[in-house]
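Here are a few notes to read alongside the model. Have the structure open and click on each residue as you go.

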Amino acid sequence: MTTVRLILGDQLNAAHSWFREARPDVCYLMMEIRSETDYVRHHAQKVIALFAAMRAFADALRLAGHRVHYYRIGDTANRQTFADNIRETVRTCSADRWERMEADEWRVEQALDEVASALGIPCRVVDAEHFLVGRAEVSRQFAERVPRMEYFYRGLRKKLGLLIDPSGQPHGGRWNFDEENRARWPGTPAAPDWPWQAHDLRAIWQEIQHAGVATMGDPNPDQVRWPITRKEARAGLVAFIRHSLPEFGRFQDAMSAHAPLLFHSALSFALNTKMLHPREVVDAAIGAWEEGTAPLAAVEGFIRQIIGWREFVRAVYWACMPAYSSVNALGASRPLPEWYWTAKTNMHCLRAAISQSLSLAYAHHIQRLMITGNFALLAGIAPDEVDAWYLGIYIDAFEWVELPNTRGMSQFADGGVLASKPYAAGANYIRKQSDYCHTCQYDARRRHGTGACPFNVLYWDFIDRHGETLGRNPRMALPYRNWALVNADEKQAIRVTAKQYLSQLDSL
Ligand code: FAD
Ligand code: SF4
């Protein structure tokens, strides 16, 4: 009896129980396929780094004595779909059963279910042994309605006993230190260097190009700075805990044209490909607090991202798919401005966030949410186009995490399932949190007329446009009270500038 076990590109979890012993009756199957490279236009570094990490994983398995069948993108025998490659591997290995781990993406899960029914041999689906809350538990907890992230997070912290004192209360007497985590970065302390070593991956890039895969962004193939092995991922975690975590909380919401990463971890690629386990990341952060090398506010702020947001958005995804991928509560329909693909815009904040994304395949959360996402929200860009951009451009973008963050958190297209109000803001927020505005050709203090910051103009226009729906949201009471105080002439002037800006988004 031989079993074929499928390992997807984002399932590089060396600690999975599958790999505990090398078995001659098991053949592992890995593949680089066009159906995965082509469902959206990906950043070149994302494709290169993923293939490099997959190949390194396959080599490590072979070294440990496992049998591995690997299809490279350019192999002539590669049929470029899950179905064909699985069928062929089952045939060549004379397998009479196959197994796979749960896929994280709806699209892939559907495709693999179809393969299972067509193949005619038994298929067993096992847990990927990565997330802290299993899919069955998600269905149970989210069956009636999606809870607020805060309660989901507190429940998980209690269940896992993370930063909980013996009386069952959160350490420090509070669940949330957000108030202390909103400082602007004044340029000191210096932000640590980019954490990942450079890899020369020109050979892989050539194969990708030769196969005709269309990508975007700067491939920079002789210096791809992303982790491709677990050893590197661990080293990056250790460096983050030592050098950045102590300041992570304080500057979590800060943005700078001079420091793309600031004190963020850049661990999302290693986490989403499963090279790192969320529990080891969280334990390392808590260990730093216990040793006194990182303050509680920073550690709480960091673990909230992992056991709060990361687990929560995945739960929302699985509770709400497939309908979630087409929600559009605000009826947004404008095309994405061309400069999202080129960074050629006069708005400094957007130019900085997008050019950094094109060159690094990375932007931190506040850049994604309050710059690129905020602009798309205010301008009423069609969520399908916004999704395609986020799903392609970031190194860590996989639909289970990208979709709820984009459609839900940043575009409010789910009407409030994930967030209780839209993350919409004018220039005031960006000016306070960043160093972008003082060198911008737009005026961050103006809200209409020549040179007025588009964020201001479009923010008030957004409030005006959506009064019918958002005006009823109690969490939006303050902006609507402020809008009511604006005199009629100024409202009219804002509407006129907004109309002009919206009609020429590509040239802003
Ligand atoms: P840090 O700031 O160092 O945070 C630590 C870790 O927490 C991250 O590595 C990540 O695993 C997790 N995390 C933090 N915030 C979130 C969040 N909101 N949702 C899920 N996990 C979170 N994250 C992705 O991993 N893939 C995506 O495709 C993705 N798309 C996004 C799209 C939009 C519009 C927005 C607003 C956010 C998106 N995020 C996405 C969430 C977040 O921006 C990234 O996880 C984070 O910027 C990755 O950088 P980091 O590793 O330096 O994170
Ligand atoms: Fe961005 Fe407006 Fe500031 Fe310019 S002035 S950087 S467009 S927020």
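Predicted model: local features only at pLDDT ≥ 70, side-chain atom pairs only at ≥ 80, totals over all residues.

1. Side chains of opposite charge can pair when their charged atoms come close. A search of the whole structure turns up 36 salt bridges, and a few of them are picked out below.

2. Start with Lys-274 and Asp-10, whose side chains form a salt bridge at 4.0 Å, N to O. This pair links distant parts of the chain, 264 residues apart. Lys-274 sits in the loop between α9 (268–272) and α10 (278–290), while Asp-10 sits in the loop between β1 (3–6) and β2 (26–31). Buried or exposed? Lys-274 counts as buried because its relative accessibility is 4%, under the 20% cut-off. Asp-10, at 8%, is buried too.

3. Now try Arg-34 and Asp-38, which meet in a salt bridge at 3.0 Å, N to O. They are four residues apart in helix α1 (residues 34–38), so about one helical turn separates them. Arg-34 is partly exposed at 22% relative accessibility, and Asp-38 is partly exposed at 40%.

4. Next, have a look at Glu-300 and Arg-157, a salt bridge at 3.8 Å, N to O. Glu-300 belongs to helix α11 (residues 296–320) and Arg-157 to helix α6 (residues 149–160), so the bridge ties together parts that are 143 residues apart in sequence. Glu-300 is buried, with a relative accessible area of 1%, and Arg-157 is buried at 1% relative accessibility. Elsewhere, Arg-100, Glu-102, Glu-109, Asp-113 and Arg-135 are joined into one network by salt bridges that share partners.

5. Let's stay with α6 for a moment.

6. Which residues of α6 are buried? They are Met-149, Glu-150, Phe-152, Tyr-153, Leu-156 and Arg-157. Looking down the axis of α6, you'd find these buried residues within an arc of 165 degrees, so they line one face of the helix. On the other side of α6, Tyr-151, Lys-158 and Lys-159 are exposed.

7. What do the buried residues of α6 pack against? Their partners are α5 (135–141) and α11. Recall that α11 is also the helix holding Glu-300, the salt-bridge partner of Arg-157.

8. One last thing to check: just after α6, Gly-161 adopts a positive phi of about 65 degrees.

Note on methods. Residues numbered from 1 in each chain as written. Chains lettered and ligands numbered in written order. Heavy atoms only, no water. Helix = DSSP H or I, 4+ residues; strand = E, 2+ residues; numbered from the N terminus. Buried < 20%, exposed > 50% of the residue type's maximum accessible area, 1.4 Å probe, protein only. Arc of directions from axis to C-beta. Contact = heavy atoms within 4.5 Å.
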